[in-house]
Amino acid sequence: MSEILDKNGSMPLPVQLRNLILKRLEEGRYKPGEKLDSIRHLAEEFKVSTRVVIQAIDIMESEQMVARVPAKGVFIAENWSLDSPVIKLVFVFPEQSISLDILAPEVWAMDTELYRGLLAGVIGTRAQVYMEHFPEATSELQLRQQVKRLEEYDAAIFPGVQSTPLRRAVVGKMPVILITPSNLEYDRNKESVIESAGIDNVRRVVQYAYDCGYRTLGALTFPETKPDSPDKFFDQRNGFFQERIDAYRKMAVGMGLNVAEEFLWEVAETPDKTEILKELLRNKCPEFIFCNHAEKAIELYEAAFDLGLVPGRDFGVMCIASGLTFRGLFPACTYFRVPAFEIGRYAAQTAIEAITLRDKFTPIHKVVPSILIQGKSTCQLRPVRKARSIARVKK
């Protein structure tokens, strides 16, 4: 850990300073019973105000790391040791594992990046992240048992709408961090929210298409087939993608763009889906296609290549994605990268801050913006141009 405080970072300076002093303790530079450097000395060393140093000492005193002795100064607690309890964070995972056998490729990619971010967020601290599977409770008894399990941890991080009853049951009993792609109902006085840009990403896709000069827009969605076994999140998943398409159409129409119904493609997961895609591309291809299910960009590319079409040359393609599921596509796909890694890191840091500051912590609502990754599947940003005709492939 660098011994320089990040004054532009998301973690408060008093928490950063506390972590640096803790590191010195672990390295043996301070020993139990020894006097800590003076407030003024620490303020000058780390180029912060004495108020920041006092707040850091307040945190350490609440953790029984240090003790104030009137007229003498601040001393490291006599009973402090490397075996002091660590902060235990739990990522409440709704599926049994982060596995492609269970999750759709793009969901798997997002969850993988999110968990990497959680791990990165605890580096240099005395916190650990645990991933524990909590199935949806089917009875009050099971819910109470799950609450009891959660109370073994210091803070809980919840992803999205899943496990909502469990989340609501522990709000107020422990710090709760909610990670969500869009606005959900939550207690602003007791829960912190780390949010991706959600529907705003759709607005940015439409704006990008407009700025590139595309005037006829379409979209590709692969709606799920209703499963034989009960799945309470089926409607929520399909609803999420339908919400994006509705917003996409509304925003595009509001900007004077052509988003005819015939350009809003829905393709079922059937053995002949490639032929269906080819027929759509051949007969009614818009200038620009928003691929609503990012992992399906590969299949769109394959159908286009079979017709002699090239994304970026004959029509534009864009996604909102992690970028992992279509890495290696040629031409490279343009997309807004959902910052799952950064969201995970912020979530872990927020949980640590909530535990460290305790009653002085105020729940936060942070929106982490997505990042434009400019590929070759769209034109470069430039003045309006005429659409390239693909009539040559019509039969």
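Visitor: What share of the contacts with a separation of 6 or more comes from residues 24 or more positions apart?
Guide: In the protein chain, that share is 67%. Contact means heavy atoms within 4.5 Å. This is a predicted model, where local features need pLDDT of at least 70, side-chain atom pairs count only at pLDDT 80 or more, and totals for chains, interfaces and linings use all residues. Residues are numbered from 1 along each chain as its sequence is written, and side-chain values use heavy atoms, with hydrogens and water left out.

Visitor: How many helices and strands does the protein chain have?
Guide: Helices (H or I, at least four residues) and strands (E, at least two) are DSSP runs, numbered from the N terminus. Here the protein chain has 11 helices and 14 strands.

Visitor: What percentage of the residues is buried?
Guide: Buried means under 20% relative accessible area, exposed over 50%, partly exposed in between (1.4 Å probe, protein chains only). Of the 395 residues in the protein chain, 50% are buried.

Visitor: In what order do the strands of the open sheet run?
Guide: Two strands pair if DSSP finds at least two bridges between them. Six strands line up as S4-S3-S5-S6-S7-S13, with parallel pairing. S4 (127-133) and S13 are the edge strands; each has a single partner strand, so one side of each lacks a neighbour in the sheet. On average, neighbouring strands of this sheet are turned by 20 degrees against each other, direction ignored.

Visitor: How many bridges join S3 and S4?
Guide: Seven bridges pair S3 (residues 87-93) with S4 in the parallel sense. Val92 stands opposite Glu132 in S4.

Visitor: Which strands pair with S7?
Guide: Strand S6 (residues 176-180) runs parallel to S7, joined by five bridges. Ile179 faces Ile194 of S7. Strand S13 (residues 365-368) also pairs with S7 in the parallel sense, over four bridges. There, Lys366 is the bridge partner of Ile194.

Visitor: Which way do the side chains of S7 point?
Guide: In a regular strand the side chains alternate between the two faces of the sheet. In S7, Glu191, Val193 and Glu195 point one way, and Ser192, Ile194 and Ser196 the other. S7 (residues 191-196) is mostly covered, with six of its six residues buried.

Visitor: Where is the hairpin?
Guide: S1 and S2 form it, with three residues between them. Ala71 in the turn has a positive phi of about 70 degrees. S1 (residues 66-69) and S2 (residues 73-76) pair in the antiparallel sense over four bridges. Val66 stands opposite Ile76 in S2.

Visitor: At what angle do H1 and H2 pack?
Guide: Axes are lines fitted to C-alpha atoms, for helices over the stretch in contact, and angles run from 0 to 180 degrees between N-to-C directions. H1 (residues 13-27) and H2 (residues 39-46) pack at about 105 degrees, their axes 13 Å apart. That makes H1 roughly perpendicular (65 to 115 degrees) to H2. Leu17, Leu20, Ile21 and Arg24 in H1 meet Leu42, Glu45 and Phe46 in H2. By class, this contact has five nonpolar (Ala, Val, Leu, Ile, Met, Phe, Trp, Tyr, Cys and Pro), no polar (the others, Gly among them) and two charged (Asp, Glu, Lys and Arg) residues.

Visitor: Why is H11 largely enclosed?
Guide: In H11, 16 of the 18 residues are buried, so the rest of the structure largely encloses this helix.

Visitor: What span does H11 reach?
Guide: The expected span of a helix is 1.5 Å times one less than its number of residues. H11 (residues 340-357) reaches 25 Å from its first C-alpha to its last, close to the 26 Å expected. Arg358 follows H11, with a positive phi near 55 degrees.

Terms used
Angles under 35 degrees count as roughly parallel, over 145 as roughly antiparallel, 65 to 115 as roughly perpendicular and the rest as oblique.
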